[in-house]
Amino acid sequence: MTKRTVFSGIQPTGSLHIGNYLGALRNWVDLQNDYDTIYCVVDMHATTVPYDPQELHQSRVLTAKLLMAVGVDPSRSLLYFQSQVPQHAELSWILGSMTPLGALNRMTQYKEKAERAGQMLGLYSYPVLMAADIMVHKAHAVPVGDDQTQHLELTRDLAERFNNRFGYTFPVPDQITPKRGARIMSLQDPTAKMSKSDDDPRGAVLLLDSADTIVKKFKSAVTDSEREVRYDREKKAGISNLLDIPSIHTSKPVADLVDEYVDAGYGDFKVAVAEAVVEGLAPIRNEYNALDDAEVSRIMARGALDARTRAEQEMADVRTKVGLGA
Ligand code: AMP
Ligand code: TRP
């Protein structure tokens with residue numbers, strides 16, 4: 001039986017953080033065992049907010065390297081830069097004519113980003129390009145964190161609309177979200193998700209942060225005025241986030257961690273969490289340092305070639321169905 005296809009994407013904006021890793025990338029790696037996996041550095045999405053071209057060019061390779069360092073294996077997964085496969089943009093155009101503005105107006109991520117970046121068409125139609133990314137490979141499942149649920153719903157809706165209008169073409173893709181870690185919170189504001197664009201750099205722990213920096217960031221984590229280490233997402237969001245992070249890293253149940261640290265005091269608890277994270281990230285950093293930029297670029301070029309071939313097959317079928325065939 002042919003394997004089901006998994007697709008996911010990540011933006012090449014600066015460094016990746018433990019929220020990306022725990023919410024999405026760890027699943028990317030695990031899914032390689034059972035699925036036909038396709039992973040994409042979505043550089044065209046990164047142009048929907050103000051950016052510096054040189055920085056973007058560098059971040060692309062850096063992001064590709066980080067993906068390989070966490071365990072995305074180019075011999076098992078198709079890995080490439082979105083802009084090198086123009087079929088994504090082509091399908092996005094076709095889907096745009098089937099996307100009601102009402103659906104885009106509801107997107108909370110657009111509202112948040114438009115406040116900072118301005119109301120631009122590219123940012124507005126970002127979710128349509130994301131749907132095209134997934135559909136151009138006829139993917140069945142998409143591993144992402146919680147914050148992408150609305151975008152995935154639009155993708156499912158567009159797949160159904162297309163199938164109804166032009167005949168069955170696209171699977172309606174499932175979202176794959178981890179039971180724990182789907183939403184890692186900022187260390188500086190435990191009511192907001194950990195994010196690359198956090199105003200306070202101490203809010204996000206980056207995969208390549210030094211041990212020293214990681215300890216400092218955890219020590220400065222915002223918690224509450226009690227003294228008891230206890231899991232309560234509502235009343236103790238900060239401490240609960242700190243309990244989630246190592247329990248995911250070490251697969252230790254939260255209850256065991258609570259037993260261990262219930263009377264430790266927040267200071268010692270934070271250091272213990274930091275140490276678990278330092279240990280968990282060490283192999284990633286070693287892998288990263290061992291990778292060669294030129295080799296990574298060659299791998300990405302080869303990936304784009306294969307991805308173009310695959311996407312072109314799907315697009316030939318789509319063009320025929322919508323009346324734009326040869
Ligand atoms: P982005 O950094 O927005 O390109 O996100 C890349 C992937 O990481 C997506 O699948 C997101 O859903 C996921 N992600 C981003 N931030 C978090 C977070 N704080 N917790 C869990 N997953 C996250
Ligand atoms: N919007 C996603 C994010 O910000 C990135 C993304 C773009 C993506 N295209 C995708 C994720 C396709 C999954 C599938 O994280």
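The largest share of the shell around ligand 2 comes from α7, which gives 4 residues; helices (H or I, at least four residues) and strands (E, at least two) are DSSP runs numbered from the N terminus. Welcome to a short tour of two ligand sites, two helices and two single residues. This is a predicted model, in which local features need pLDDT of at least 70 and side-chain atom pairs count only at pLDDT 80 or more, while totals for chains, interfaces and linings use all residues. Residues are numbered from 1 along each chain as its sequence is written, chains are lettered from A and ligands numbered from 1 in the order in which they are written, and side-chain values use heavy atoms, with hydrogens and water left out.

**Ligand 2**

- Ligand 2 is surrounded by 13 residues, of which Gly-9, Tyr-126, Met-130, Asp-133 and Gln-148 are the closest; a residue is near a molecule if one of its heavy atoms lies within 4 Å of it.
- Both β1 (5-10) and α7 (126-135) supply at least two residues of this shell.
- Sorted by class, the shell around ligand 2 holds 7 nonpolar, 5 polar and 1 charged residues. Here Ala, Val, Leu, Ile, Met, Phe, Trp, Tyr, Cys and Pro count as nonpolar, Asp, Glu, Lys and Arg as charged, and the others, Gly among them, as polar.
- A nitrogen atom of ligand 2 is 2.6 Å from an N or O atom in the side chain of Tyr-126, and a nitrogen atom of the ligand is 2.7 Å from an N or O atom in the side chain of Asp-133.
- For Gln-11, a side-chain N or O atom is 3.4 Å from an oxygen atom of ligand 2.
- Taken alone, ligand 2 exposes 360 Å², and the protein buries 90% of that; accessible areas come from the Shrake-Rupley method with a 1.4 Å probe, and for residues only the protein chains shown count as cover.

**Ligand 1**

- Around ligand 1 there are 18 residues, and Gly-145, Asp-147, Ile-184, Met-194 and Lys-196 come nearest.
- Helix α1 (residues 18-31) gives the most to this shell, with 4 residues.
- The shell around ligand 1 divides into 6 nonpolar, 8 polar and 4 charged residues.
- An oxygen atom of ligand 1 is 3.1 Å from a side-chain N or O atom of Asn-20, while a polar side-chain atom of Lys-196 lies 2.9 Å from an oxygen atom of the ligand.
- Met-194 takes part through its backbone, where a polar atom is 2.9 Å from a nitrogen atom of ligand 1.
- Ligand 1 exposes 480 Å² when taken alone, and the protein buries 91% of that.

**Helix α5**

- In α5 (residues 108-117), the buried residues are Gln-109, Tyr-110, Ala-114 and Ala-117; buried means under 20% relative accessible area, exposed over 50%, and partly exposed in between (1.4 Å probe, protein chains only).
- Seen down the axis of α5, these buried residues fall within an arc of 120°, so they line one face of the helix; the arc is that of the directions from the helix axis to the C-beta atoms.
- The face of α5 turned away from the buried side carries the exposed residues Glu-112, Glu-115 and Arg-116.
- Cover for the buried residues of α5 includes α6 (121-124), α7 and α8 (149-166); contact means heavy atoms within 4.5 Å.
- Just after α5, Gly-118 takes a positive phi of about 95°.

**Helix α9**

- The buried residues of α9 (residues 211-219) are Ile-214, Lys-217 and Phe-218.
- They cover an arc of only 95° around the axis, which puts them on the same side of α9.
- Asp-212, Lys-216 and Lys-219 are exposed on the other side of α9.
- α1, α10 (237-250) and α12 (266-290) are what the buried residues of α9 pack against.

**Two single residues**

- Ser-59 lies in helix α2 (residues 53-70) and counts as buried, at 11% relative accessibility.
- Leaving aside neighbours within four places in sequence, Ser-59 is in contact with Pro-12 and Gly-14.
- Lys-138 sits in the loop between α7 and β4 (141-143) and has a positive phi of about 45° although it is not a glycine.
- The side chains of Lys-138 and Asp-317 are joined by a polar contact of 3.4 Å. A polar contact is a pair of N or O atoms within 3.5 Å; within protein, one must be able to donate a hydrogen and the other to accept it, and residues adjacent in sequence count only if both atoms are side-chain atoms.
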